[in-house]
Amino acid sequence: MALLVALPFLPLFLWSFAGEWRFPDLLPAEWSLRGFRALAEPGSRVVEAALSSLLIGGAATVASVAVGLPAGVALGRYEFRLKGLVVFFVLLPILVPPLASTMGVHLTFIRLGLADTSLGVFLVHLVPTVPYTTIILASVFAERGVELEEAARTLGATPWRAFLHVTLPTAAPGVAVAALFAFLVSWSQYILTVLIGGGNVVTLPMLLFSAARGSDPVLTSVLALLFALPAVLALVVALRYLKPGEGDGEQEGFVGLGGKVS
Amino acid sequence: MDRRVKITLLLAPALLVVGVLFAGGLSAAVVQSLGYLPAIGMTEPNLDAYREVLGSRDFVDSLLLTVYVAGASTAISTVLAVLAALALRNSAGRLSAAVFQLPITIPHLVAAVGIALVVSQTGLGARLAAALGLIGEPSEFPALLYDRYSVGVILTYVWKEVPFIALVVLAALRGVAGELEEVARTLGANRWQRFWYVVFPTIAPGVVAASLIVFAFTFGAFEVPYLLGQTYPTILPVTAYNEYRSIDLSSRPAAMAINVLIALITALFAAAYLRLGRGLGRG
């Protein structure tokens, strides 16, 4: 099974270091670092695109955790009328493709001067990221009881201090998972960036896309590996530094999608 | 603070983001699909775009392809995921868990590029076939990219989605299903009976829920078919995007009409999924 998981990475690694690799050779006849050198070449735009991806992804992460945290508290801790409807509404952008809403919002963005800007791209990235942070954090707060916080209250802490110093630290691994997830979702966006960025905002997936449509498997593979890097790092961080259970946060988030929230 | 005010305030930022950027965008798509685009002088709302789209051969072909790709990807992923979960449930190794979760976090584009380099006519598969003497020229290897059957697209989705469904199944297996199976074993049920009468009914709701998500997702996803799919027919999101990009602005309403139809269909699946989820919660 590990072999099947690794299978698509095999040609990516081989091509990344390939010099000459003609059909039907099973392995490259020559090895080279041409692809990696091409990344750093002045004309390659890779560094610029990676920075752009990082910047938009970072901003989307901070904003969607900031927005998802209070909503997660509300959905995880309280029962209220119309809760089912709110959950449905917030979850909708995960299953209804944001492509449809983004085409709709495009004209307004043009009128507001948000089209073709990083700010505009950042804003549409929130459509897929906010549902994830909200749902993940809702399941995090649903799991944490209110007992500790109540104990702090009886000891004289204000509600805000009790939340900040008692509840939030215990929820930190869950917040980290939500943040990782938000970053990866933003990092992976291609079509929303193309639509709103209009070619003015160039991110890594756009370079990968045009490389994949071209005829240079070496450059394509190097870009693909670079593009996959944060996903691998995120998984390592999640499994290594977050407690087991929390560590399966990716799973927790998805499973929580249905089980815990509704 | 009043409880209701507090809850409203806590929810406000998220509802604002989803309400303005998502629901607002969809509403604008509906308005434009009705042919109301004052910017280009279209001010008479009508249903022409829907008549045009629903009556066209292109749309029907596109819809059929989309249902086929989403259906095949979902069915294959679900079956493989259940098998993988059954195989994995007794191995609690952390490394295998990590490796298994990798496809969930890897971007679809990376998966698509990797799969393409495996199954293309000069890919690893073809090279292996040549080494085994099965083919001589690349063109003798079956075309699995940009093909009628969308093999490359479906393989990419299967690679991405199997671990996701399998993790849902694993969670169910490690819970109640395992205990019930033990009971069935002590009562003398054989392997097949235990699976069919005990394990399967327990994991079924989770499997159905996860499959609904995968179906809705693959129905509306853009990137993989845009990269590895054939040029005609294209799946619905790609068709909508091509209409949207066309220089002729009068095809905007048609693009938006397709968007609205995609949104309606996927929203139905979202509703079915949430209903199921709530049912699970009660049971």
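Before anything else I had to settle what counts as a helix: it is a DSSP run of H or I at least four residues long, and helices are numbered from the N terminus. I also noted that I am working with a predicted model.

**Entry: one residue in chain B.** I picked B:Val5 and found it in helix 1 of chain B, which covers residues 3-33. Is B:Val5 buried or exposed? I got 9 C-beta neighbours inside 10 Å, so B:Val5 goes down as exposed; the cut-off for that is 12 or fewer. Then I checked B:Val5 against B:Leu145: the two sit 140 residues apart in sequence, and their C-alpha atoms are 55 Å apart in space.

**Entry: helix 6 of chain B.** This one runs over residues 124-131, and I listed its buried residues as B:Ala126, B:Arg127 and B:Ala130. They span an arc of only 100 degrees around the axis, so they lie on the same side of helix 6 of chain B. I reminded myself that an α-helix has 3.6 residues a turn, so residues three or four places apart point the same way. Just past this helix I came to B:Gly133, with a positive phi of about 80 degrees.

**Entry: chain A overall.** I counted 13 helices and 0 strands in chain A. Of the 262 residues in chain A, 53% are buried. I also looked at contacts with a separation of 6 or more, and 75% of those in chain A join residues 24 or more positions apart.

**Entry: helix 6 of chain A.** Residues 98-112 make up this helix, 15 residues in total. From first C-alpha to last it reaches 20 Å, close to the 21 Å expected at 1.5 Å a residue. Where does helix 6 of chain A bend? I found the bend at A:Val105, by about 40 degrees. A:Val105 is also among the buried residues of this helix, along with others including A:Pro98, A:Met103, A:His106 and A:Phe109. After the helix comes A:Gly113, whose phi is positive, near 75 degrees.

**Entry: where the chains touch.** I found 74 residues from chain A and 77 residues from chain B in the contact. Which helix gives the most to chain B's side? My note says helix 11 of chain B (residues 252-282), with 16 residues. Sorting the residues on that side of chain B gave me 58 nonpolar, 15 polar and 4 charged.

Note on methods. Residues are numbered from 1 along each chain as its sequence is written. Chains are lettered from A and ligands numbered from 1 in the order in which they are written. This is a predicted model: local features need pLDDT of at least 70, side-chain atom pairs count only at pLDDT 80 or more; totals for chains, interfaces and linings use all residues. Helices (H or I, at least four residues) and strands (E, at least two) are DSSP runs, numbered from the N terminus. A residue is buried if 20 or more other C-beta atoms lie within 10 Å of its own, exposed if 12 or fewer, and partly exposed in between; C-beta atoms are placed from the backbone. Two residues are in contact if their C-beta atoms, placed from the backbone, lie within 7 Å. Ala, Val, Leu, Ile, Met, Phe, Trp, Tyr, Cys and Pro count as nonpolar, Asp, Glu, Lys and Arg as charged, and the others, Gly among them, as polar. The expected span of a helix is 1.5 Å times one less than its number of residues. The bend at a residue is the angle between axes fitted to the seven residues ending there and the seven starting there. The arc is that of the directions from the helix axis to the C-beta atoms.
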